[in-house]
Amino acid sequence: MNEEAQRRIELAATLGLDPRIFSTAGSGRSRWTKFELDAYLHAPLAWSGLEPTHRTGRRGGHRSPGRRHEASPPLRTGEAGRRPRDRKISPKQGLPALGAAGKFLLSPEQAESERLESLDQTNLLHTGAEEPFDRIVSATRKFFNVGAASLSLIDGDAQHFKSVVGPLRDETPRQIALCTQTVERNSMLIINDALTDDRFASNPLVTGTPHIRFYAGYPLHGPRGWNIGTLCIIDQKPRDFPQSEQQVLRILAALAQRGIDERTYSPAR
């Protein structure tokens, strides 16, 4: 067993996961398709509920023997026998209801207001450290062997750390936080060497403490799909970030996302 495979098994054991999740990506041998990873990232699904799709096979469309399949319940009618979906929704109500998918229809100010409301609804900023998030962040730093890892949240003015391991300050001005760029671009951001990247070479976090040279972050979202923060790693020396490591960061971000979804949509809330 090579060193990378051993690291993945140790990471899975730390997080209580099936080691198959961390099978090598980019080699054509991964048991988990990109679709499955993305589906897990965007919905509160348990890994045990996913059946790996083999590259050489496909999922059958037949029903499992012995399983009872319920028909969808009929739509209920509202007052005067009118279906709820027939009720008119004003543009003022409809645009926010679209969530991040309707961002292009909103002004920048409206979109930011909706994003901040989404962050507020998670209550992540006001509940202090939480063990499940700390465990994910600690395992992330250990696996990638980097200077720091964090689950960060971007509010109107600053970057806050819900969980952090490494020499990072408690709060960073939003305009210089690299995670702000990840939240705005809605995809993984990888900076192999910040000093040679014109976008970040003069950033105070690069030229000064904590002297960031490498950064990789994946966006996390709140209600209605608005990006509210990131799971990220940084290091004080440049490095490559191959596809196999990118997949691991996606999976770890998926675990953090599941934690956010569960606490946000829990019946107790």
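Three aromatic pairs are found in this structure, which is a predicted model. In one of them, the rings of Phe-143 and Phe-144 have centres 4.9 Å apart and planes at 90°, so this pair is edge-to-face. Both partners are covered: Phe-143 is buried, and Phe-144 is buried as well. Another pair joins Phe-214 and Phe-241, whose ring centres lie 5.5 Å apart with planes at 55°; this pair is therefore tilted. Phe-214 belongs to strand β5 (residues 214-221), while Phe-241 sits in the loop between β6 (227-235) and α8, so the contact ties together parts that are 27 residues apart in sequence. These two residues, Phe-214 and Phe-241, are likewise buried.

The picture comes together when the rings are taken as a group: Phe-143, Phe-144, Phe-214 and Phe-241 make up one aromatic cluster.

Helix α8 can be followed next. It runs through residues 243-265, and at 1.5 Å a residue its 23 residues should span 33 Å; the C-alpha atoms at its ends are 32 Å apart, which agrees. Much of this helix is hidden, as 18 of the 23 residues in α8 are buried.

Leu-98 is located in the loop between α3 (91-97) and α4 (108-122). Its relative accessibility is 45%, and Leu-98 therefore counts as partly exposed.

Notes:
Residues are numbered from 1 along each chain as its sequence is written. This is a predicted model: local features need pLDDT of at least 70, side-chain atom pairs count only at pLDDT 80 or more; totals for chains, interfaces and linings use all residues. Side-chain values use heavy atoms; hydrogens and water are left out. Helices (H or I, at least four residues) and strands (E, at least two) are DSSP runs, numbered from the N terminus. The expected span of a helix is 1.5 Å times one less than its number of residues. Buried means under 20% relative accessible area, exposed over 50%, partly exposed in between (1.4 Å probe, protein chains only). Rings of Phe, Tyr and Trp (its six-membered ring) pair if their centres lie within 6.5 Å; planes under 30 degrees apart count as stacked, over 60 as edge-to-face and the rest as tilted.
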